Amino acid sequence: MAARETFDQQHTLEPESFSEEDLRAHLETYDWTESSQILLGTILDRSFTRRIRLLENDPDKGFSGTQSYLQVDSVGLDGVPHSILPQAVMGDLASAWRVFSSTNDSTTRHHTVGKLALVCEPTPLVLAMIHMTHYAHFDMDTIFADLVNKMIPTTAAMDGCFDLDPRRQRSFVFTLKYHTVIGEGCKPMKWQTAGTDHYSGDSVRGGVHGGYIPVSACSSVFALALSGSPTSNVYVSRANRGKNANSQGRSQIFDAFSPWHLLSMHFCPDWRTTVEQSGSRIDTKYVNGPEAFLSSLLLGFQDAADRLDDLRSRIEKLVVPSVDLLFNGQLRDNLLFEDDSFTHTRRFFWASETLNFINIDIKDMVHEYETTFTDEVWKGEHQYIWPGTQDRSPQYSLCRKRMFIIRDQFQQVISRLKEMHIENKELQKTIRIFQTQLYSGTSILHSRKSVELSIVTILQGHNIKLLTLVSAFFLPLIFVATAFGMSNIPRELSFKPFIITLLAVCLPSWLLITTINTTFDDSIWRNKWHQLLAWFHGMDHEQAIKYRASLKY
């Protein structure tokens, strides 16, 4: 009985109820930010908001025909979650709106202490429902902006207690961002960064075709909001405050056992999720909102680790050859010599850079976890993140025991991520070895091809030289024949002038061509000229040598 009493809560969530007309007015009158407009798209158009049946099932606007996933649980006074909307409901927008729009109303069977909403790949209309029904509890505009902003990595906004916005004072948000493989037949949302290239080439193994793995950026948001009034104020020096703290440094601390809302949104284009809540399990209980938040965040980390590990495994299958390399000569040649499409060069470059981005994702996730959830947080000694040590009350004692269990599970996931980071580094080294071997083999092949082309060029040069000599041989003859073939030359002229002219023109020309065609160039004529000058000046042999040396340039 005592164990049950430690779970019992004293306060419930304030009743909330919204109508379909409230949703229509919210879509039409709210001052939507640029990020929200990107996420919601066409449902903000008047043509949609003025429909008579706003929640009519529509393949383009709702669940019908999509792979969106929605699960909502209500946590009662005893800490046991009850499924309000089971995961089987996939195409009924009206049911989705009903569980979002009402909390602790007259039709509720349980007094709700906490409300958990899990949404995977939500459509724009579902996002609009979430924005309206959770706007009073969370800074939804900032959450949407963090989702759309590609420059923001994994972040933890746990110091909102210093903010002037009362919603941020009571809320804790952790956003995971990483990369995953696009599922078969899936299509990322327009605002998600995804690969569009399809490299040509042979398939390697493991179901990878064309040397390309479709990859997309994905995001997960975990947000906890505590209700009620603040129980205390704590002043923290600027040096110990987070990056979003205000200038006063005075925080609003809310009771960790106050009523709570938990929002878990996932945008992963693979139609598979392992972050399902545990509302259908009888043995599941939550001591308070922070435990539910950490449990959900733990599932998100495990899901991210699974996706990153799957991506790394696919990359390894893409670039590392199978054992067939020992027996398949064609496969060895393909890896050693590049083809005309640079298939392997592109493949190795893409794989190495993708592994680098995966390691950046892992580094950001590990860093945010380790800097946010320190030992002080787990022990309840932190000044503004769920303070309360185990000796404060039986509830806090049980809470800390359960949190220590969650911490150990987190440590296992973080250790797995760190090991994955090391494995990715080793795989990058392997890829660099393949790149070096490919470069060496291709370079040697190109060098041999260059030598072969050089030999062909030399042979072609000899042929051109032969044709030039033949043409040069006939040029003097053509000149003489043309000169004596003129019409003004007397016909009775004998052949003697023709022969003399022929010899006078052809012999010097042929002698000059023959001399120039030697490897001595014009040096033989220069030496003969120097000898002639020496003889003209009456020099002996030694003086002639010195004279020629002085004339060289």
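I began with helix α6 (residues 124-134) and helix α7 (residues 140-148). Their axes come within 10 Å and cross at roughly 145°. This is a predicted model, so I kept an eye on confidence as I went.

Which residues of α6 meet α7? I found L127, I130, H131 and H134 on the α6 side. On the α7 side I noted M140, D141 and F144. I sorted the contact by class: four residues are nonpolar, two are polar and one is charged. I also recalled that an α-helix has 3.6 residues a turn, so residues three or four places apart point the same way.

**Entry: the chain as a whole**

I looked up the secondary structure next. The protein chain has 16 helices and 11 strands. It has 553 residues, and buried ones make up 44% of them. I put the accessible surface at about 29,800 Å². Carbon and sulfur atoms account for 56% of that surface.

I then checked how far contacts reach along the sequence. I took those between residues at least 6 apart. Of these, 77% join residues at least 24 apart.

**Entry: confidence**

I read an average pLDDT of 79 for the protein chain. A score of at least 70 is reached by 78% of the residues. Which elements have the lowest and the highest mean pLDDT? Helix α1 (residues 2-7) has the lowest, at 47. Strand β7 (residues 171-181) has the highest, at 95.

Residues 1-5 form one of them, with one contact in the model beyond near neighbours in sequence. Residues 198-209 form another, and this stretch has 31 such contacts.

**Entry: helix α5**

Is helix α5 (residues 93-101) mostly covered or mostly open? I found it mostly covered, with seven of its nine residues buried. The buried ones are L93, S95, A96, W97, V99, F100 and S101.

**Entry: S216**

I moved to strand β8 (residues 215-226), where S216 is found. S216 has a relative accessible area of 0%, so it counts as buried. I listed its contacts, leaving aside neighbours within four places in sequence. They are Y178, H179, T180, I182, P188, Q192, T193, A194 and P269.

I looked at two of these partners again. Y178 is 38 residues from S216 in sequence, yet their C-alpha atoms are 8.7 Å apart in space. The backbone oxygen of T193 lies 3.4 Å from a polar atom of the S216 side chain.

**Entry: N288**

I found N288 in the loop between β11 (260-267) and α9 (289-319). Is N288 buried or exposed? Its relative accessible area is 1%, so N288 is buried. Leaving aside neighbours within four places in sequence, I saw N288 in contact with A256, F257, W260 and C399. A polar atom of the N288 side chain lies 3.1 Å from the backbone nitrogen of E291.

I then looked up two residues with a positive phi.

E121 has a phi near 50° and is not a glycine. I placed E121 in the loop between β5 (114-120) and α6. With a relative accessible area of 10%, E121 is buried.

W386 is not a glycine either, and its phi is about 50°. I found W386 in the loop between α12 (375-379) and α13 (394-484). W386 counts as buried because its relative accessibility is 1%.

Notes. Residues are numbered from 1 along each chain as its sequence is written. This is a predicted model: local features need pLDDT of at least 70, side-chain atom pairs count only at pLDDT 80 or more; totals for chains, interfaces and linings use all residues. Side-chain values use heavy atoms; hydrogens and water are left out. pLDDT is the predictor's confidence in each residue, from 0 to 100. Helices (H or I, at least four residues) and strands (E, at least two) are DSSP runs, numbered from the N terminus. Contact means heavy atoms within 4.5 Å. Axes are lines fitted to C-alpha atoms, for helices over the stretch in contact, and angles run from 0 to 180 degrees between N-to-C directions. Ala, Val, Leu, Ile, Met, Phe, Trp, Tyr, Cys and Pro count as nonpolar, Asp, Glu, Lys and Arg as charged, and the others, Gly among them, as polar. Buried means under 20% relative accessible area, exposed over 50%, partly exposed in between (1.4 Å probe, protein chains only). Accessible areas come from the Shrake-Rupley method with a 1.4 Å probe; for residues, only the protein chains shown count as cover. A polar contact is a pair of N or O atoms within 3.5 Å; within protein, one must be able to donate a hydrogen and the other to accept it, and residues adjacent in sequence count only if both atoms are side-chain atoms.
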